[in-house]
Amino acid sequence: MDDCIFCKIIQGKIPSEKVYEDNEVLAFKDIQPAAPIHILVIPKKHIENILEVSPKDSDLIVKIFQTINKLAKDLGVEKDGFRIITNCGRDSGQEVMHLHFHLLAGKKMGPKIVS
Ligand code: 5GP
Ligand code: ZN
């Protein structure tokens, strides 16, 4: 997608601090971290959000969760815990229309994610 920030990050047209990359998945640090560890895990394929995910993406979605699993262990947060958030649509406040999973860790988070 030409006008998608995350597609530009994938293509290297916008710089990012990458923490993991393979043929299908990219993980990089959020530019405005909401926690000491705030990483965005995204598919390289442009998918707007969960509403656009179809059965043919099942391997890709598993791969994203395997990446989150690996990152949590590599970052050493698997014991203390972490939070995964994916926003979808207007009421959630989704700003970037390319499917992404926020991996938040490194501090004790509140009991609720809705405010
Ligand atoms: P959303 O609100 O769509 O779930 O989250 C989008 C996230 O992308 C935000 O947390 C925002 O800080 C992050 N973000 C937006 N533009 C950029 C960018 O150019 N580089 C990086 N690394 N993160 C970005
Ligand atoms: Zn995109």
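Reader: Which element gives the largest share of the shell around ligand 1?
Author: Helix α1 does, with 3 residues. This is a predicted model: local features need pLDDT of at least 70, side-chain atom pairs count only at pLDDT 80 or more, while totals for chains, interfaces and linings use all residues. Residues count from 1 along each chain as written, chains are lettered from A and ligands numbered from 1 in written order, and side-chain values use heavy atoms, without hydrogens and water.

Reader: Which residues come nearest to ligand 1?
Author: Asp-30, Asn-87, Glu-95, His-100 and His-102, out of 16 around ligand 1. Near means a heavy atom within 4 Å.

Reader: What makes Asn-87 a polar contact of ligand 1?
Author: A polar contact here is a pair of N or O atoms within 3.5 Å. A side-chain N or O atom of Asn-87 is 2.8 Å from an oxygen atom of ligand 1, so the pair qualifies.

Reader: What about the backbone of Ile-31 and of Gly-93?
Author: Ile-31 has a backbone N or O atom 3.3 Å from a nitrogen atom of ligand 1. A polar backbone atom of Gly-93 lies 3.2 Å from an oxygen atom of ligand 1. Both distances are within 3.5 Å, so both pairs count.

Reader: Which elements give two or more residues to that shell?
Author: α1 (5-11) and β2 (25-29). Both are DSSP runs: helices (H or I) need at least four residues, strands (E) at least two.

Reader: Why are β1 and β2 called paired?
Author: Pairing needs at least two DSSP bridges. β1 (residues 18-21) and β2 have 3, so they pair, and they run antiparallel. Lys-18 has Phe-28 in β2 as its bridge partner. A hairpin through 3 residues joins β1 to β2.

Conventions
A polar contact is a pair of N or O atoms within 3.5 Å; within protein, one must be able to donate a hydrogen and the other to accept it, and residues adjacent in sequence count only if both atoms are side-chain atoms.
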